[in-house]
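Subject: Handing over the model

Hi,

Here is the structure I promised to pass on.

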Amino acid sequence: MGQVRQPRRVQAYDGELGAAVARAQGGDEAAFALAYRIVQPGLLGYLRGFVGDDAEDVASDAWLEIARDLGRFKGDGAGFRGWTVTIARHRALDHLRRQRVRPRPGAIEQDVLNLPGPHSTHEQALESLSTERALELVRGLPRDQAEAVLLRVLVGLDGPATARVLGKRPGAVRTAAHRGLKRLARQLGIDGEADEGVTDEASRTLGESK
């Protein structure tokens with residue numbers, strides 16, 4: 001089974017992010033602003049998959065909590081990325097429970113959709129999409145697949161970190177991401193293989209609260 005690779009762009013920033021977070025925990029406001037600039041684009045794109053045009057409001061609430069609890073965080077740059085998206089995901093789910101509406105269409109920044117080459121056929125699916133079309137198709141996936149794709153590709157989490165955010169086993173997350181990308185590829189006519197063993201019966205799509 002193919003694997004979704006963590007974008008090299010994200011990996012390159014994680015060392016800088018970890019250093020910025022450490023300084024921010026010591027009271028350096030400029031360092032906190034730097035950490036925000038590194039994390040926010042992917043985080044915002046992920047939230048748009050849940051709450052559409054309300055993503056910025058939800059992200060603001062999440063960052064207030066992140067700033068408040070920053071002293072409790074322990075870990076490196078990659079760990080901070082996972083910690084922030086866990087907080088943001090909780091805020092998004094709270095928002096959906098309050099609003100009881102499906103998320104409205106939004107746009108994803110083009111730069112967070114760019115994947116380094118060479119890629120598998122499935123990863124090429126995302127490169128072939130316009131930004132709004134990308135989010136529309138991803139949101140149409142079963143919820144487990146959509147979240148796995150967004151967390152791996154947009155936020156840049158690795159498999160274990162994605163599994164921790166979703167509360168699932170790494171193998172299940174890897175399978176969901178693979179199937180989601182394969183389904184996108186088939187919708188775009190990139191991959192002609194049959195989508196074996198995948199069904200959408202009783203599956204929630206992204207944005208539907210439990």
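Below is what I found, starting with the whole chain and then going through a few places in it.

Some ground rules before the details. This is a predicted model, so local features need pLDDT of at least 70 and side-chain atom pairs count only at pLDDT 80 or more, while totals for chains, interfaces and linings use all residues. Residues are numbered from 1 along each chain as its sequence is written, and side-chain values use heavy atoms, with hydrogens and water left out.

**The whole chain**

The protein chain has nine helices and zero strands. (Helices are DSSP runs of H or I with at least four residues, strands are runs of E with at least two, and the numbering goes from the N terminus.) Read from the N terminus, the order is α-α-α-α-α-α-α-α-α. Of the 210 residues, 51% are buried. Here buried is under 20% relative accessible area, exposed is over 50%, and partly exposed is in between, using a 1.4 Å probe and protein chains only. Among contacts with a separation of 6 or more, 72% join residues 24 or more positions apart; a contact means heavy atoms within 4.5 Å.

The axes are lines fitted to C-alpha atoms, for helices over the stretch in contact, and angles run from 0 to 180 degrees between N-to-C directions. For the wording: under 35 degrees is roughly parallel, over 145 roughly antiparallel, 65 to 115 roughly perpendicular, and the rest oblique.

On the helix 2 side, the contact includes Phe32, Tyr36, Leu43 and Leu47, and on the helix 3 side it includes Val58, Trp63 and Ile66. By type, the residues of the contact of helix 2 with helix 3 divide into 14 nonpolar, one polar and two charged. (Nonpolar covers Ala, Val, Leu, Ile, Met, Phe, Trp, Tyr, Cys and Pro; charged covers Asp, Glu, Lys and Arg; the others, Gly among them, are polar.)

**Leucine 70**

Next, go to leucine 70, in the loop between helix 3 (55-68) and helix 4 (77-99). Leucine 70 has a relative accessible area of 7%, so it is buried. Leaving out residues up to four places away in sequence, leucine 70 touches Val21, Ala24, Gln25, Phe32, Phe80 and Trp83. Phenylalanine 32 is 38 residues from leucine 70 in sequence, with 9.6 Å between their C-alpha atoms.

How many of the eight residues of helix 8 are buried? Six are, so helix 8 (residues 159-166) is largely enclosed by the rest of the structure. The buried ones are Gly159, Ala161, Thr162, Ala163, Val165 and Leu166. They pack against helix 4, helix 7 (143-155) and helix 9 (170-187). Proline 160, also in helix 8, is partly exposed at 41% relative accessibility.

Aspartate 158 is partly exposed, at 31% relative accessible area. A side-chain oxygen of aspartate 158 lies 2.9 Å from the backbone nitrogen of alanine 161, capping the N-terminal end of helix 8. Aspartate 158 is also 8.5 Å from alanine 78, C-alpha to C-alpha, although the two are 80 residues apart in sequence. After helix 8 comes glycine 167, with a positive phi near 70°.

Helix 7 and helix 8 pack at an angle of about 130°, with their axes 10 Å apart, and are therefore oblique to each other. Their crossing is right-handed. Glu147, Ala148, Leu151 and Arg152 in helix 7 meet Gly159, Thr162, Val165 and Leu166 in helix 8. The residues of this contact divide into four nonpolar, two polar and two charged.

Finally, valine 149 is in helix 7 and is buried, at 2% relative accessibility. Valine 149 and alanine 177 are 28 residues apart in sequence, yet 5.1 Å apart in space, C-alpha to C-alpha.

Cheers

How values were computed:
Polar contact = N/O pair within 3.5 Å; in protein donor to acceptor, adjacent residues only side chain to side chain. Left-handed = near helix turned anticlockwise from the far one by under 90°.
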